Amino acid sequence: METPEKDPQEPQSLTHQAIKLYMKTGHLHRDVLEKEVRQTGVYRSQHQILMYLSNHPEASQKDIAEFLGVSTATIAVTLKKLEKAGYILRMSDPKDNRCNRILLSTKGEDIVTQSREIFFRVEKSMFLGFSEKEINELKNFFARMCENLEKINQNNNRRR
């Protein structure tokens, strides 16, 4: 099914309204999560590292930096704060003594558990009143939008 022929830049077009709501939803979701997660006592960047470590035990500083798209020096500062606060432990890599592996401490694992509970609660509230069918349809709509945007991205990359 094709999108309506109306100019998408026209403020009242259906696609423009949908994009505005999509963007507003993303901003509201991020704001709600940030406020909720703040209760755990860790900052956003620290929180991202703890969540990454929960899914990638014994990651290196380089792994974390690559995932977050920042320098290893930037990560070093945050890791030092997390270590000092007792959220992480550093362990020498047995294969390479120049490299440390980063592990969650019990305190760090507690933050991850609290955070996952927060995520679950926010997701549950966000989809209150939605049927499973509606959530599945929404998921499929987002998947199609991603496919469409990936095609645009691929075409742009070919032109370079």
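Colleague: Which helix does Phe142 lie in?

Modeller: Phe142 lies in helix 6, where a helix is a DSSP run of H or I with at least four residues, a strand is an E run of at least two, and both are numbered from the N terminus. This is a predicted model, so local features need pLDDT of at least 70 and side-chain atom pairs 80 or more, while totals for chains, interfaces and linings use all residues. Residues are numbered from 1 along each chain as its sequence is written, and side-chain values use heavy atoms, without hydrogens and water.

Colleague: Why does Phe142 count as partly exposed?

Modeller: Buried means under 20% relative accessible area, exposed means over 50%, and partly exposed is in between (1.4 Å probe, protein chains only). Phe142 has 33% relative accessibility, so Phe142 counts as partly exposed.

Colleague: What makes the nonpolar patch on the surface?

Modeller: Phe142 belongs to the patch together with Ile19, Tyr22, Met23, Phe141 and Met145, and the accessible area of the patch is about 600 Å². Helix 1 (14–38) and helix 6 (132–159) each give two or more residues to this patch. A patch takes residues with over 30% relative accessible area and no salt bridge, joining nonpolar side chains (Val, Leu, Ile, Met, Phe, Trp, Tyr) within 5 Å and like charges within 9 Å. Areas come from the Shrake-Rupley method with a 1.4 Å probe, and for residues only the protein chains shown count as cover.

Colleague: Which residues have the most contacts inside the largest nonpolar core?

Modeller: Leu50, Leu53, Ile64, Leu79 and Ile88 do, in a core of 18 residues. Helix 2 (44–55), helix 3 (61–68), helix 4 (72–84), strand 3 and helix 5 (106–126) each supply at least two of its residues, and helix 2 gives the most, with five. The term covers buried Ala, Val, Leu, Ile, Met, Phe, Trp, Tyr and Cys residues joined through side-chain atoms within 4.5 Å.

Colleague: What is Ile64 in contact with, leaving aside neighbours within four places in sequence?

Modeller: Contact means heavy atoms within 4.5 Å. Ile64 touches Ile49, Tyr52, Leu53, Ala59, Ile75, Leu79 and Ile102 in this sense.

Colleague: What makes Lys62 and Glu66 a salt bridge?

Modeller: A salt bridge needs a side-chain nitrogen of Lys or Arg within 4 Å of a carboxyl oxygen of Asp or Glu. The closest N and O atoms of Lys62 and Glu66 are 4.0 Å apart. The two are four residues apart in helix 3, so about one helical turn separates them. Both Lys62 and Glu66 are exposed.

Colleague: What does the pair of Asp63 and Arg101 tie together?

Modeller: Asp63 lies in helix 3 and Arg101 in strand 3, so the pair ties together parts 38 residues apart in sequence. Their salt bridge is 3.5 Å, N to O. Asp63 has a relative accessible area of 28%, so Asp63 is partly exposed.

Colleague: How many salt bridges does the structure hold?

Modeller: The structure holds eight. One of them joins Arg90 and Glu83 at 2.8 Å, N to O.

Colleague: Why are strand 1 and strand 2 called edge strands?

Modeller: The open sheet has three strands in the order 1-3-2, paired antiparallel. Strand 1 (59–60) and strand 2 each pair on one side only. Two strands pair if DSSP finds at least two bridges between them. Strand 2 (88–93) and strand 3 (96–104) have six, and these two strands form a hairpin with two residues between them.
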